[in-house]
Amino acid sequence: MAILITGGAGFIGFNLAERLLEAEKEVVIFDINVNKVKDKAEGIILEKGDVSKGKALDAICEKYKFTTIFHLAAILPPLTEEEPFKAFKTNVEGTLNVLDAARKYNIETIIYPSSATVFGPDRTPPFTEEDLLDPWTIYSSFKLCTEIMGSIYSKKYDINFRAVRFPVVVGPGRDPFLGITQYPTQMVEEAVKGKPYVADVLPETKIPIVFIDDAVQILINLWRSKDLDFEIVNVDGLWVTAQEIADGIKKIIPSAEIVFKPVENVHIQQVLSGVQKHKDEAKYGLKGKRLLDEILQEYISRSSEKK
Ligand SMILES: NC(=O)c1ccc[n+]([C@@H]2O[C@H](COP(=O)([O-])OP(=O)(O)OC[C@H]3O[C@@H](n4cnc5c(N)ncnc54)[C@H](O)[C@@H]3O)[C@@H](O)[C@H]2O)c1
């Protein structure tokens, strides 16, 4: 019995694929761009394809007998905001194709990373799963839409659709130019390269982060949980300011040069002005375990190995 990871050549997907392979699972990656992992995917089956093409997805489900789909294929911000129609095809139609493939091929479980951005920027954590949802970007509106589609497919067709609302996932392999909050990744990557970095946010900007290994473990825990059928869960992040991240990097790389020059970018300001109101620790349902020093130590040492 094989496991399908859509978007498995991406940051979270490939880390997940490697972890599932360690547990001796037959892992199939279905991704529009498998080339980027072909040199490091030993033991993992790579299938190039587009989730927005239902027939291509069906053909893969015919070929392998999947019990589970980890559905990670998606377009991330800022591309979702710049090209919403294109992103709709992948993020919304693609998810509908995955749900419908699960129905047609009797696939029991779909694990789906949603996003903490569905709560909107203007409200204060802690959030519960029952709290009001208020997406304020195209990306987060697609996340909410697909959560609801998953809920409906669960009820109608008895599929275990389980979604987890991640905060900002950080770690080696993340594309430094994707995501609403790119500065934590860029700060680390530039410091590792020995280059100065200008952060375009205020030093006190505070965001919740979770380290990639913990994010992968959370996805696996959700998949392994026997008690759940349909579920949408929040996940806690470690709330850190941009200044704390910069200070943490300098403890490990004392020569790192990081300065702050906030920009007047309407989109970013809108997002981050909301984020800055989040002064308290969030109390989500699941928790990323690591402290900032530990996250940065691991992140920097693995990024330095890759250099
Ligand atoms: N990284 C984060 O901080 C974060 C936070 C919350 C949720 N998520 C969600 O986790 C998932 C994975 O995110 P990531 O950070 O690994 O992003 P990523 O961009 O690294 O990976 C996404 C993968 O999807 C693939 N893809 C894009 N369009 C496709 C299509 N039409 N068909 C098939 N494959 C396609 C890309 O080639 C890429 O490999 C996404 O659903 C994202 O919204 C990520």
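Lys206 stands opposite Thr241 of β11. Before I continue, please note that this is a predicted model, in which local features need pLDDT of at least 70, side-chain atom pairs count only at pLDDT 80 or more, and totals for chains, interfaces and linings use all residues. Residues are numbered from 1 along each chain as its sequence is written.

Helices (H or I, at least four residues) and strands (E, at least two) are DSSP runs, numbered from the N terminus. Two strands pair if DSSP finds at least two bridges between them. Strand β9 (residues 206–211) is paired with β11 in the antiparallel sense, over 4 bridges.

The open sheet consists of 3 strands in the order β7-β9-β11, with mixed pairing. Because β7 (168–170) and β11 (238–241) each have a single partner strand, they stand at the edges, and one side of each is left without a neighbour in the sheet. From one strand to the next, the twist averages 50°; axes are lines fitted to C-alpha atoms, for helices over the stretch in contact, and angles run from 0 to 180 degrees between N-to-C directions.

I turn now to the backbone. Most residues other than glycine have a negative phi, and most peptide bonds are trans. Asn106, in the loop between α4 (84–104) and β5 (109–115), has a positive phi of about 50°. Asp158 lies in the loop between α5 (138–157) and β6 (160–166), and its phi is near 60°. Finally, a cis peptide bond with omega of about 5° joins Pro77 and Pro78. Pro78 belongs to the loop between β4 (66–71) and α3 (79–82).
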